[in-house]
Amino acid sequence: MLEVKKISKSYGNHLAVDQLSFKVEKGEIFGLLGENGAGKTTTFRIIMGLLEANSGTVTLDGKKIDYSVTDRIGFVTEERSLLTKLTVKDQIVYYGILKGMPEEEILKRLDTWLEKFGITEYKNRKIKELSKGNQQKIQFIAGVINTPELLILDEPFSGLDPINVKMFQEAILEMKERGCSIIFSSHQMEHIELFCEKLVILVHGQVVLGGYLKDIKKEYRKKNIFIQGDISVEKIKKVSGVVDVISNAEEYQVKIESDEVVDSVFQAVSKSKIRKFVVEEASLNEIFIEKVGESYDK
């Protein structure tokens, strides 16, 4: 288990992280969210032992993270950190040896991952000869070649097409099933919703929202109603508790203040020809925008 307890970090007069605390259990995927400059990168660097917090502690299975622990951590960053003149094989062997692995084991695991990603033919190719998508796969392999107990994923799907995203999803879920603790950061909220059980949202280094995703969505009273049919938008807008009505390609999205408004909206459209009337919780993207916006307005 990773435990981050009341860590703070300043750069001069700038407070990048302020009393941040959270836990990531074994086999759990945790979302660390925030706009650029919110303190995510500083937090990652503190967790990996690359920066020293001004105060607070970070432990993995009860032990302070230092060079005796970092071999148990994997990191996949949005920015590619590959040595492009090396072959795929030499690159992964280099990273594996840095993690204290024997070369025979590195090559065995490399072959497994290359086969999983369908790129076995690139083993002896130079990194610079690979497409950006395939370079990202190699970056991922480099981050997990040591089968880490803690894996940090910073925008792992950046620039990937849907097929490659699916491959990465399957690989991440496989790591989770092995008991790996995973911290996932992304600006694509649909990926957070797909993976993460718990999350925190940072603004200026402070937590503005945190907890289990299912509880956060339940406690967020605003809901959406998706309607297909011939309806009067103006009539719905007049219903007390309706925040907005958005016309999409094939349906209307009615934003409401709470569940109590559902019956009133239904009554307003009940005499129309309705093909669909579905009530859904607000998306994480909506919650994120509102919570971050509230913090900036204070």
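Student: Why is Cys196 called buried?

Tutor: Cys196 has a relative accessible area of 5%. Buried means under 20% relative accessible area, exposed over 50%, and partly exposed in between, with a 1.4 Å probe and protein chains only. Cys196 is therefore buried. Please note that this is a predicted model, in which local features need pLDDT of at least 70 and side-chain atom pairs count only at pLDDT 80 or more, while totals for chains, interfaces and linings use all residues. Residues are numbered from 1 along each chain as its sequence is written, and side-chain values use heavy atoms, with hydrogens and water left out.

Student: How do you know that the sulfur of Cys196 is too far from the closest cysteine sulfur for a bond?

Tutor: A disulfide is a covalent bond between the sulfur atoms of two cysteines. Here the term requires a pair of cysteine sulfur atoms within 2.5 Å. The closest cysteine sulfur to that of Cys196 belongs to Cys180 and lies 13 Å away, so a bond is ruled out. A search of the whole structure finds zero disulfides. Cys180 also counts as buried, because its relative accessibility is 2%.

Student: Why is α4 described as mostly covered?

Tutor: Of the 13 residues in α4, 12 are buried. One of them is Gln139, which counts as buried because its relative accessibility is 3%. Contact means heavy atoms within 4.5 Å. Not counting residues up to four places away in sequence, Gln139 touches Val76, Thr77, Glu79, Arg80, Ser81 and Leu82. The buried residues of α4 pack against several elements, including β6 (73-76), α2 (88-98) and β7 (150-154).

Student: Why are β6 and β10 said to stand at the edges of the sheet?

Tutor: Six strands form an open sheet of mixed pairing, in the order β6-β7-β8-β3-β9-β10. Two strands pair if DSSP finds at least two bridges between them. Each of β6 and β10 (206-212) has a single partner strand, so one side of each is left without a neighbour in the sheet.

Student: How do you know that β3 and β9 are paired?

Tutor: Five bridges join β3 (residues 29-34) to β9 (residues 198-203), and these strands run parallel. Gly34, for example, has Leu202 in β9 as its bridge partner.

Student: What makes a group of residues a nonpolar core, and how many residues has the largest?

Tutor: A nonpolar core is a set of buried Ala, Val, Leu, Ile, Met, Phe, Trp, Tyr and Cys residues joined through side-chain atoms within 4.5 Å. The largest has 52 residues, and Ile92, Ile138 and Phe140 are among those with the most contacts inside it. A second, separate core of 26 residues includes Ile7, Leu20, Met48 and Ile183.

Student: Where is Ala282, and why does it count as buried?

Tutor: Ala282 is in the loop between β14 (274-281) and α10 (284-297). Its relative accessibility is 3%, so Ala282 counts as buried. Ala282 and Lys222 are 60 residues apart in sequence, yet their C-alpha atoms are 6.3 Å apart in space.

Key. Helices (H or I, at least four residues) and strands (E, at least two) are DSSP runs, numbered from the N terminus.
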